[in-house]
Amino acid sequence: MSHYEAPIRNPLILGNKSYHDVSNDIARPIESKANKMWWIVFTISLIAFLWGIGAIAYTIGTGIGVWGLNNKINWAWDITNFVWWVGIGHAGTLISAVLLLFRQKWRMGINRSAEAMTIFAVFQAGLFPLIHMGRIWNGYWVMPIPNQLGTLWTNFNSPLLWDVFAISTYLSVSLVFWWTGLLPDFAMIRDRATKPFQKKIYSLLSFGWSGRAKDWQRFEEVSLVLAGLATPLVLSVHTIVSFDFATSVIPGWHSTVYPPYFVAGAVFSGFAMVLTLLIIMRKVSNLEAYITRDHIENMSKVILVTCWIVATAYLSEFFVGWYSGSSYEDFVYLSIGAASGPYWWAFWALLICNGMIPQLLWFKKIRRSFIWTFIIALFINIGMWFERFDIIVINLSRGHLPATWTRFEPTFVDIGIFIGTIGFFFVLFLLYARTFPVVAQAEIKSILKSSGDNHKRNTEKLSNLVKEKREASKD
Amino acid sequence: MSNNKKYWTSVEELKGNSIVEKLSKQEFPKEIPTDAFLGDKETLASSSTSRRDFLKYVGFTTAAASLAACEGPVIKTIPYVVKPNDIIPGVADYYATSIADGFDFASVLVKVREGRPIKIGPNLEAKTNNQTNARVQASVLSLYDNNRLKKSSKDYATFDKEVKATFDKIKNSDKKIVFLTGTMASPSTDKLLTEFTTQYPNTEHVIYDAVSETAALDAFQEMYGSRVLPNYNFAKANVIVSIGADFLGDWQGGGFESGYAKNKAPKNGKMSKHIQFESNLTLTGANADQRFALKPSKQIFALINLYNKVTGQSLPSRATSQDKAIKNAATQIKSVGSKAVVVTGIQNKNAQLIVLALNNFLQSEALDVVNTKNVRQGDDTKVAQLIADMKAGKVGAIITHQTNPAYTLNDFTNAVKKVPLNIAFSISSTETTKLAKYVNATPHYLESWGDVNMQKGQYNLIQPTINKLFDTRQFQEALLSWTENTSTYYNYLKNSWTSILNGQSWNNVLHNGTFNINQIEAEEITTVNNIDLNAVAFALARNKSNKLELALYTKVGLGDGQQANNPWLQELPDPITRTSWDNYLLISRVDAEKLELKNWIVDNGAMNGSLVDVSVGGKTLKNVPVYIQPGQAVGSVGLAYGYGRIEGMQEEMQTGVNAYLFVNTTGNVNITKVEGEHKFACVQTHHTMMGRDELVNETSLSDFINKPKKEWNKEPKFSIDHQEVSIDQAALWETFDDSIGTKFNLAIDLATCTACASCVIACHAENNVPVVGKQEIRLSRDMHWLRIDRYYTSDMTNKKGKEEGIFGSGKFFNAQELPQDQPEVSFQPVMCMHCNNAPCESVCPVAATSHGRQGQNQMAYNRCVGTRYCANNCPYRVRRFNWFKYSENSAFNFNMNNDLGRMVLNPDVVVRSRGVMEKCSMCIQMTQETILQAKKEGRPVKTDEFSVACVDACSTGAMTFGDVNNPEDKITKIVKDKRTFKLLEFIGTKPNVVYQLKVRNS
């Protein structure tokens, strides 16, 4: 895997790391005890998670009526959260699959956590289509399960059904991809493990990885094949999620720009979430050597690009709606009617968080600053949540018949479930950070010789030496 | 004869010695080792069951036993041991009867299933007075009201013995016995009362209507000699001018809408013109071609001015702000002469005299002084005298029936304390029964016998449709007992009808529910007394105006408040304010701004409003919510009767304030804003069409006559690649041939729909629609399958916006949302459109909503998983989700939460569970029944035989239902009519519900 890399490129691994150092660095969080901070954050997350479980139990026990929905706005926070979490889950595959195909070595520092985030986010996302059902106990009816009732079958025209397949495919492919990458790393932990229990667990998790050349060959092949499989999924999942809206007849939903716009938006929010997580993680887990300013900058660049795709979509939505001259388009989520209506604050929250604040990333100083990028990423997370909220709630609140116009207010249950999923997400992520190799150490090791700091310094030294010698010989 | 036949199932069996035989003997391949298990001690002792195994068995059996103990709920169904002759389970019986509760009078047809009345419909055998308004439709639920009086205060023998003893004492004193009743218009009851009077000569019968028409009755008496109400046939009027008469509401007993509607849709280029002058925005005003706001005191002058302008006389009057419109109305009246009619709701005898004189002057064909109405007989003078007598101690006994004076009559509570014997007849516990010494629980009209003479020449019978549910006794039965008459009321009624029937069959009349004496017109020639109109007008002109005047009114929901404990009526959104569960002070925007009163929308979309203390003439109502009503005359406020009852009411139904406090109270209205806010249950908080004029399409009569259809009823265009194509070519879906078999369409004529909301209740009753309560209504979770959207016009039109250069700006949109101060009103009943290309159908992941062969969009409740995607994708927003379990849930303590209330449920329609979507089914249970009936009788379905609940209830004929594949059906013509349009047709949904646009004759 080693390859030649121009010395003028910044090193991807800082510090004078040897292979053993890498192993030590990655295994440290697993092999050492959790500190106080971890316990505090974990406890908070766990409480939030339990609260969410309580809220879900209350919903299922009593009825969807405990949410703030009504007969005009039949979806609100539930599907907002669903799309938001699915969107967040997009960065993982993009980083691991697309960047793998494009041979972007910088992905190696971040892909493990990005994929973990993807899977945990998809868990959260998958929860909402389930619990938003009025009769969750019949939820399996959305699967095409053969039954004795003859023609009783699912409706393949329904985008909700497409969602079922899209999300489950995405989750399974992502999971397999993630686990494949994890195998050599689990094996490394297994080999280092001193406690028999740990050794047992990790040997199970590593599927008996032996590190033979054949293993590596298969590993590389499978990675490539899965990357090829996963790449279209990056496009398809959010395209299909966007069909939930785009195939409808509701003003503001019925829009052909939705699929590319949603995909870009998903990547946008996914990268923002990766930034949010990794900026903290590199500090907490002492991964400064592997997640560098360059990583942050690269991700900021992706964010900036997708930001502009999304912004272009916003502008075109706004323009086309206005240009249509249709009264029905006057009040959609991106319209003057929305800006002057009761949801003006949500309208501006979307534009400011997603359109304006990310523009700061044009400045190199800002996009190379950990603290600035962290703040901007947080805003994008908020902005992307508002995007989905606006699409769902503003559009539904301003339907075709003005007599049916109304508003939505979340109840404590709506809020509780959302916070619960955030809690659940962090519970999973924190457990992951303590038990999984959070950086793909096997892959990192493969570029240590080409992109490592010491290697770069050595080559520099070498070339300087050569230069000196040449100059000396000239003399 | 012996039978040698042998039956066999296979050749092997026939041949004998087969494998079958062998197998059948070996049904249990091994003998069950019962002995090994339950053997004797030795076997047990030697058995391998260890202590651990034993514990396992114990554990298992305990678990199994406890599981088995979790028994499902036991629902008892009791089969008929001996089937009653007249009941076939599953087949409905229909009985013709009448409602005559003192406020609503109608000849009705009652649907009875397995002995339970479940639905009220109009009795089509009756030619008149068969309109079922919302309250009549809902009255079936009042039968099953859990708060009804279940027994009288004493057993009837003791009751009567004690009462009669007192009567006898009074007979020999100088005091009198007074019957205070609402209008009963019952010949046999009158006869009974006369007999009572013979026995106790010092008896008086005082009729008291809570919402009184004394002025009209007195005026008619003065002019025509009899104390009855004139009848109006608006079908005969080309110009209708109403000054404060809500004749589409409860004015003079109501029931005028069917006549009115006959001329509201243009026929051969002609239709009636209706001009309304009023202070509150009523249903009548909302339906008028022209409406002018005028506060109550000014209406009097407007009336005299109109009289002067029409007749050319100059009665004393004063100018009003609407004199130009009055002049214009007079011109209109003069142009049609006898084809015009003027009506008024001013509660003043003199004003009513002027109207009668004016109609007499015009020789108005619409005014009918022959077939007069008896539905209001109350006499305020006598009531006032009675109160005075009671206070003076002159009354020895008061018997109240069909009235709740302690709630409606101000001084009654004080006065009745001076009366030694107070007997109240009532169906439920009321303010009046609380004061009474003896309370007689009366049956509901659906459990009673009776008769009613609603209008001259028309006699109706009341017959029970169910056995008495409780230990109740009719008023008439009590009278029979008090007059020592041993006959049952049924026999008494039948005997007393001998004179009415004049040889006709009783059974026939009972079957028809109604009986008409035809020869009256020849018999009766009414003489008109001369009235000194100058003096009348002079007296009228002395009326003082006040800065702020109060106009009391009745809402279509609660009316006079008798059925206030009826959740269907409480939840029925008022067609004008679209607010349920409340009454409120209607006030104009101008006055509200002066007093700093506000209505505002909170974050969950519900409406809140300011609270005020209202005082008139020294009486004060505290904490009255304020509703800012477009169209309200500046300087006037409105308040609805019927609310604010507490006694005998379920807590949830104790809504609003008691407006009866202000009856007959004149003077300036003082309003003081108080702290706090009121939470309204308003289902529509956006009032204008936002420039989407195609929603409720309407046009003017001149455009309708003179211009081609495409100018006033544009069809949407569909295009592919900039080529105009038909809707079918533009559609994504394959169409199937629906020209075979039945295909249902429903048409709603917006020109004749008055928005009376009777269809809403009919739908509620037919389809077991749950009541959800105020809080859920606030959250826009109303469950009505059929709603009536109401729009006001806005000052800010697209044209005006463009002229002002603000078109498309936020300022423009905000201005567009504001209704005009004097708006035109449009109504639009909306239910499921049963789209042929239904957006809901394509998005349901489990295909729970699918298209029926007959055109319906069907909802399979038990397949629904509740994703609510269908509701989101419905442009008409007609789908209703069961957010909670609305039946048998104490959080929704309405009729579906008690055994009695559930008796009203239609057994043909399932009660939906929590978490499923529901919506209008086009009453598929009714259409299927029609088809099955035809099938059973071996005939094709007859022309116009199909019907649905809302269409049945519609008394103006605005709704039509039928099979468009039958060229003879009425609907087939309507669908092709040039006034026909479809709601939001441009989306391409191809609805099976069509509208006919409203034509305004303005």
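**Strands, sheet and contact of chain B**

Analyst: In chain B, strand β4 (residues 176–181) runs parallel to β5(B), and five bridges join the two. Strands here are DSSP runs of E with at least two residues, helices are runs of H or I with at least four, both numbered from the N terminus, and two strands pair if DSSP finds at least two bridges between them. This is a predicted model, in which local features need pLDDT of at least 70 and side-chain atom pairs count only at pLDDT 80 or more, while totals for chains, interfaces and linings use all residues. Residues are numbered from 1 along each chain as its sequence is written, and chains are lettered from A and ligands numbered from 1 in the order in which they are written.

User: Which residue of β5(B) is the bridge partner of B:Val178?

Analyst: Strands of a sheet pair through backbone hydrogen bonds, either parallel or antiparallel. β4(B) and β5(B) run parallel, and the partner of B:Val178 in β5(B) is B:Glu204.

User: What is the order of the strands in the open sheet of chain B?

Analyst: The sheet has five strands with parallel pairing. Its edge strands, each pairing on one side only, are β5 (203–207) and β14 (438–441) of chain B. Read across, the order is β5-β4-β12-β13-β14.

User: Is strand β15 of chain B largely enclosed or open, and how many of its residues are buried?

Analyst: A residue is buried if 20 or more other C-beta atoms, placed from the backbone, lie within 10 Å of its own, exposed if 12 or fewer, and partly exposed in between. β15(B), residues 450–455, is largely enclosed by the rest of the structure, because the buried residues number six of the six.

User: Which residue in the turn between β15(B) and β16(B) has a positive phi?

Analyst: β15(B) pairs with strand β16 (residues 458–462) of chain B in the antiparallel sense over four bridges, and B:Gly450 stands opposite B:Ile462. The two strands form a hairpin with two residues between them, and the residue with a positive phi, about 90 degrees, is B:Gly457.

User: How many residues does chain B bring to its contact with chain A?

Analyst: Two residues are in contact if their C-beta atoms, placed from the backbone, lie within 7 Å. Chain A contributes 46 residues, and the number from chain B is 53.
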